[in-house]
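Try each task yourself before you read its solution.

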Amino acid sequence: MRDVLDDLLRWWQEGQPVGMATVVATWKSAPRPPGATMLVGADGTAVGSVSGGCVEGAVYELATEAIADGVPRLQRYGVSDDDAFSVGLTCGGTIELFVERVDRETFPWLAGVAESIDKGEPVAVLTCIEGPPERLGRHLVIRPGEREGTLGSARLDDAATDDGRGLLAAGRAGVLHYGPDGQRRGSGLSVLVRAYAPRPRMVVFGAIDFAAAVARIGTFLGYRVTVCDARPVFATAKRFPDADEVVVDWPHRYLAGEAEAGRLDERTVVCVLTHDPKFDVPVLQAALDMPLAYVGAMGSRRTHDDRLARLREAGVGEDALARLASPIGLDLGARTPEETAVSIAAEIIAARWGGRGARLSETTGRIHS
């Protein structure tokens, strides 16, 4: 919904109903991930995509019907279905969609949700997508300290709130399954969680030309990028126009302060590009003691060996050292700062999704694990 929020909010504010289709689950090589959203306005305008073009025509019709009758729909298209070929889903995957009508009556909290997303405040929208007819399409909006709406029962609201806040803290969407009244070991009722957490952070240490390229690609990947260096002559906003912020501070002190303030989480990636022991050893010692998504450090093989020795002398254990991506990046043969940034970004993506960094043309089996 984040990608189509401006259009959705505009129609909502104008009092126009909208048909909204959301991908809730995929299997195999489905073209769009869960959470992808397509809107159909009352005037017939379509915004967004749920399948990269494969099933948009069929989804358009479902959204139009939802606008007309207000009845939510859970629809699945798969490669084994005749419907899949008739609507064009020939990629070999399966996609499940929830289609609903959104207007001021069905979703009165949209303006508040949009405001939270715009401010970078964590908020999640929970929607009952499967279960008794009277529950379908009900919404619960949760934030760290409050909630609005209801899924139809207090017990279900309590269970979904607890589980939804867990997903929100991790910045992840998902589908929760319960019994009819929120029993965690039950079945028959499913709740879609659309979590809108602040952008994950990328912290780049070392105000060098490679850092400018890494900041640029980090922003492209959706990270909130910070460049930090203790040398004010190099750490300037003019040198790093793509970074969200440029900080002059000692790297280890800045990282410790951000952690203490609760501004780092398990999605945070740290790239240490200083290859100067007085900077990188203290900050790596701190970073490897935190539950971060990725910690990488630039340097030659010789620098890497010296760095490991210094970290061991500083008391960093072998399990922590095993988490260190050093020398940083995948073996792409990169030479320029931009090529090196692609190499680093590729390693971060592989670490996130369990990829091996091999050429797909030389592998077999599923593309997406």
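This is a predicted model: local features need pLDDT of at least 70, side-chain atom pairs count only at pLDDT 80 or more; totals for chains, interfaces and linings use all residues.

Residues are numbered from 1 along each chain as its sequence is written, and side-chain values use heavy atoms, leaving out hydrogens and water.

**Exercise 1.** Work out how helix H1 is oriented relative to helix H4 and which residues make the contact.

*Solution.* 
- Step 1: Find H1 at residues 5-13 and H4 at residues 110-119. Helices (H or I, at least four residues) and strands (E, at least two) are DSSP runs, numbered from the N terminus.
- Step 2: Take the angle, about 150 degrees, with the axes 10 Å apart. Angles over 145 degrees count as roughly antiparallel, and H1 and H4 are therefore roughly antiparallel to each other.
- Step 3: List the contact (heavy atoms within 4.5 Å): H1 gives Leu 5, Leu 8, Leu 9 and Trp 12, while H4 gives Leu 110, Ala 111, Ala 114 and Ile 117.
- Step 4: Sort these by class: eight are nonpolar, none polar and none charged. Here Ala, Val, Leu, Ile, Met, Phe, Trp, Tyr, Cys and Pro count as nonpolar, Asp, Glu, Lys and Arg as charged, and the others, Gly among them, as polar.

**Exercise 2.** Find the buried residues of helix H7 and say what they pack against.

*Solution.* 
- Step 1: In H7 (residues 251-260), the buried residues are Pro 251, Tyr 254, Leu 255 and Glu 258. Buried means under 20% relative accessible area, exposed over 50%, and partly exposed in between (1.4 Å probe, protein chains only).
- Step 2: Look down the axis of H7: its buried residues fall within an arc of 95 degrees, so they line one face of the helix. The arc is taken over directions from the helix axis to the C-beta atoms.
- Step 3: These residues pack against strands E11, E12, E13 and E14 and helix H8.

**Exercise 3.** Is Asp 249 buried or exposed?

*Solution.* 
- Step 1: Locate Asp 249 in the loop between E13 and H7.
- Step 2: Its relative accessible area is 18%, so Asp 249 is buried.
- Step 3: Leaving aside neighbours within four places in sequence, Asp 249 is in contact with Cys 228, Asp 229, Ala 230 and Tyr 254.

Conventions. Axes are lines fitted to C-alpha atoms, for helices over the stretch in contact, and angles run from 0 to 180 degrees between N-to-C directions. Angles under 35 degrees count as roughly parallel, over 145 as roughly antiparallel, 65 to 115 as roughly perpendicular and the rest as oblique.
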